[in-house]
Structures are given as structure tokens and as C-alpha cells.
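Please keep the sequence and the coordinates at hand while reading.

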Amino acid sequence: MRILIVGAGAVSGRAAIAAAKSSGMEIITTTSRSEDIVDSAHTIHGIDLEQSDAVDKILADKFLTAKPVDYIVYIPARGHVGIDITESTADMIPPSLAYSVIPYLKLANALKPKRTIALSGFMALPTLTKIYGAMTFTKIAMEELAIRNSGRLQIIRIGMFYSNSVRGIALLAQRRFTREKNFLPDWRAEWKASGKKFSDFFYDMNYRAEEETYKEHAHGVPFRPTLPEDITKGFLKAFAGEQAPIINVLGAWSWTETIMPQLPEAITSRAHLIPKSVYATIDRNA
């Protein structure tokens, strides 16, 4: 089997590589840099997903297209974060989709793998609705796409783990606390009382929310934060043939879903912010 992993240098990208290597796959990766990705049979260099021709450059690689690709894993994601989702506006969504979603749909159309896998998070958590901003709607679109195209697209929804992206979100929120005295006053009071760095406070608060919200899936297993090896297990589950469009990985807890979860009104009342055109990007006849 052959796999293309876009964004393999990230923590979750390394987790995907570990799963692919364990599964005996030939691994092809992309990078914006000139160095090869460790454990890749082949690295496609100079791929900048901010550029409109990034997908074309990937598809022009002769090693990639010499034989069929069985799986695509797409890691990159970018969007307007560090704000409450109620502050999201329609103009914030398309640039995020263009970077986080459209490329993997184009790759799926062109390479026609067995499955194209992307990553989401537990967007319904009250902690994330206060801080994940417009990126929330990108993730919701990704999940909806997987459910509408079950069998071709799949999402691994993962719990919060230590990463540069989460640290960046926490930093944006902390800067707003410094500038705006009315930004999330309840959080501000709890944070100041905790005596913790904001990033540690945010992680701990989110972990409490994860445990409380999803404890029905514990099945006697104690809660713990998600680790890279848990993400690897999620990918292994996908590579082993799991058919559900959504695989949930929350620490040691794992379960699947075939429909969208119940979402808070703050999200559902703004679902119109997602342009309907994104759902037509995938080739229905592939």
C-alpha cells in the first residue's frame, strides 16, 4: 500500500507516519522545506499550501503518480482563531477552507485513493467555542463532508494535545486578556485565581471539559489527556478498515460516529457562514 501524507512534519503528521510505517506502507510526504521527511520513501519538496498551485505541484511529482495511492492523510489547518465563535464573520471562512479543506478534496479527486483522512477536534466543547473562532466552521465543514461522502472521506477527531498550534491559540487569547478587560471575564477571574500560566490554565480547563462531556465513552478507563501515540492508534484504526466517517480519539477513549453530533446553538445558528460550494468540491462520480 502507498500513502501520501501532507503536513507530515507536525505532531499529528508524525503520528500518521508511525501508523503508516507500522502498517507496512510506502510513505510519500510533502514539505515546504528542502529537507527530506524522516521515514519517507519519497519527499515532495517546496509545497507551500498558501500558493494556489500547491496541489498541482504535488500532482506533478512522478514518483507519486507512478503507482496508485491507497490513502491520503492531510494535516494542515489554518483559520481565524483566538476569538469567540460569535465573533466569526462570513469573510473569515473561505480563506480557511482554501488552506485546510480544498487541497485534500482536489487531491482525492485526482488520486482516487481508498480513503482521504483529515483531522478535526471536539468543537462542541464549551472551552473551544470561546476560543476557536471561525476555524470552528472549517472543522464542521470537514466533518459534514466526511459524513456526506462516507467511504471516501474520513475524519479523525482528536482531543487537545500539546502542539504549536494550541500554544498559538492560547497566546492569542492571553494577548486579548491584556488588551480587552471585557474579554471572557469569567475565564479571566478563574485564570488569575489559579496562579498558572495561561497556556497551562487553558489546557487544564479544556481537559476538565473533555472528561465531563465525554465520560459516557470511558467504559471504566480513567481519563487522561491525548498523546501522540493515541493519534497513531486512530490512524491505525482507519488503516485497518474502519468504515465510520468519524473516528474519535480522546486520550485512551475511542469510539466512532456516523452522524454529526449535537452542536450548541452558537454553532448551528451560524452554519450559514459555511459556503455551500465546499460540499460540491468532491467528485461524486469518483
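Which residues in H9 meet which residues in H10?

## Packing of H9 and H10

The model is a predicted one, and in it the contact is made from the H9 side by Trp187, Glu190, Trp191 and Ser194, which meet Phe198, Phe201, Phe202, Met205 and Arg208 in H10.

Helix H9 spans residues 185-194 and helix H10 spans residues 198-213, and the two pack with their axes 10 Å apart at an angle of about 110 degrees. Because angles from 65 to 115 degrees count as roughly perpendicular, H9 is described as roughly perpendicular to H10. The crossing in which H9 passes H10 is right-handed.

## Aromatic pairs

A pair of aromatic rings is described by the distance of the centres and the angle of the planes. In this model the count comes to 13 aromatic pairs. One of them is formed by Phe122 and Tyr214, whose geometry is tilted, with 4.8 Å from centre to centre and 55 degrees between the planes. Phe122 lies in the loop between strand E5 (115-121) and helix H6 (126-129), while Tyr214 lies in the loop between H10 and helix H11 (228-239), so the pair ties together parts that are 92 residues apart in sequence. Phe122 and Tyr214 are both buried.

The rings of Trp187 and Phe202 also form a pair, and since their planes stand at 45 degrees, with the centres 6.0 Å apart, this pair too is tilted. It links distant parts of the chain, with Trp187 in helix H9 and Phe202 in helix H10, 15 residues apart. Trp187 and Phe202 are each buried.

When its neighbours within four places in sequence are left aside, Thr138 is in contact with Ile93, Ser96, Leu97, Ser100 and Val101.

Methods:
Residues numbered from 1 in each chain as written. Predicted model: local features only at pLDDT ≥ 70, side-chain atom pairs only at ≥ 80, totals over all residues. Heavy atoms only, no water. Contact = heavy atoms within 4.5 Å. Axes fitted to C-alpha atoms, helices over the stretch in contact; angles between N-to-C directions. Helix = DSSP H or I, 4+ residues; strand = E, 2+ residues; numbered from the N terminus. Parallel < 35°, antiparallel > 145°, perpendicular 65-115°, else oblique. Left-handed = near helix turned anticlockwise from the far one by under 90°. Phe/Tyr/Trp six-rings, centres within 6.5 Å; stacked < 30°, edge-to-face > 60°. Buried < 20%, exposed > 50% of the residue type's maximum accessible area, 1.4 Å probe, protein only.
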